[in-house]
Amino acid sequence: MKITLNQDPAFSETEIIVNCPLADEDILRLIAMLRVYQRKLVGVLDGEQHLLDVKDVLYIDTADKRTFLYTGTAVYESALRLYELENNLKELDFLRVGRSAIVNFRKIRSIRPELGGRLLVTMDNGEQVYVSRQYAGEMKEKLRELERSFAK
């Protein structure tokens, strides 16, 4: 793969062009990763609405029929339901880990097996989230995918 960077102050905005003979799975994943930098979520903190970069969200969970977005610095409330966020963020490496939680796979520091088939995920900020048995297989498959991509 050839990568070229052209810098010029005359450019009014950043443009990324991908030239390829065939848009295979790797190319589509690369494009999805680039799109994450354009995606925003709205979170409410202290009565103010904040625009959050999706890439800064560590995990999402629900409690008392309310949805919360966790970043490294604050916890924001979202008007969206968990399943709506899951559908919108799946292509950006967000994974369902339980009935009430989704994690940003790119913000995981470590994963440890626990009793009963669960996994304990430690996020970049040190917070820990459990992956239920029901979703542990999907997390393990994602890890295998990552290992295969490095083996190429």
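Two residues are in contact when heavy atoms of theirs lie within 4.5 Å. The structure is a predicted model, in which local features need pLDDT of at least 70 and side-chain atom pairs count only at pLDDT 80 or more, while totals for chains, interfaces and linings use all residues. Residues are numbered from 1 along each chain as its sequence is written, and side-chain values use heavy atoms, with hydrogens and water left out.

The protein has three helices and 10 strands; helices (H or I, at least four residues) and strands (E, at least two) are DSSP runs, numbered from the N terminus. The order of these elements from the N terminus is α-β-β-β-β-β-α-β-β-β-β-β-α. The C-alpha trace spans about 50 × 45 × 25 Å along its principal axes. Of the 152 residues, 32% are buried, where buried means under 20% relative accessible area, exposed over 50%, and partly exposed in between (1.4 Å probe, protein chains only). Among contacts between residues at least 6 apart in sequence, 39% join residues at least 24 apart.

Strands E4 (residues 66-71) and E5 run antiparallel and are joined by four bridges; two strands pair if DSSP finds at least two bridges between them. In E5 (residues 75-78), Tyr-76 and Ser-78 form the covered face, whereas Val-75 and Glu-77 form the uncovered one.

Helix H2 (residues 82-89) has four buried residues, Leu-82, Leu-85, Glu-86 and Leu-89. These residues lie on the same side of H2, because they cover an arc of only 105° around the axis, the arc being that of the directions from the helix axis to the C-beta atoms. An α-helix has 3.6 residues a turn, so residues three or four places apart point the same way. The cover over the buried residues of H2 includes strands E1 (40-45), E3 (57-63), E4, E5, E6 (94-98) and E7 (101-104).

The loop between H2 and E6 contains Asp-93. Asp-93 is buried, with a relative accessible area of 6%. When residues up to four places away in sequence are not counted, Asp-93 touches Arg-29, Val-103, Asn-104, Phe-105, Arg-106 and Lys-142.
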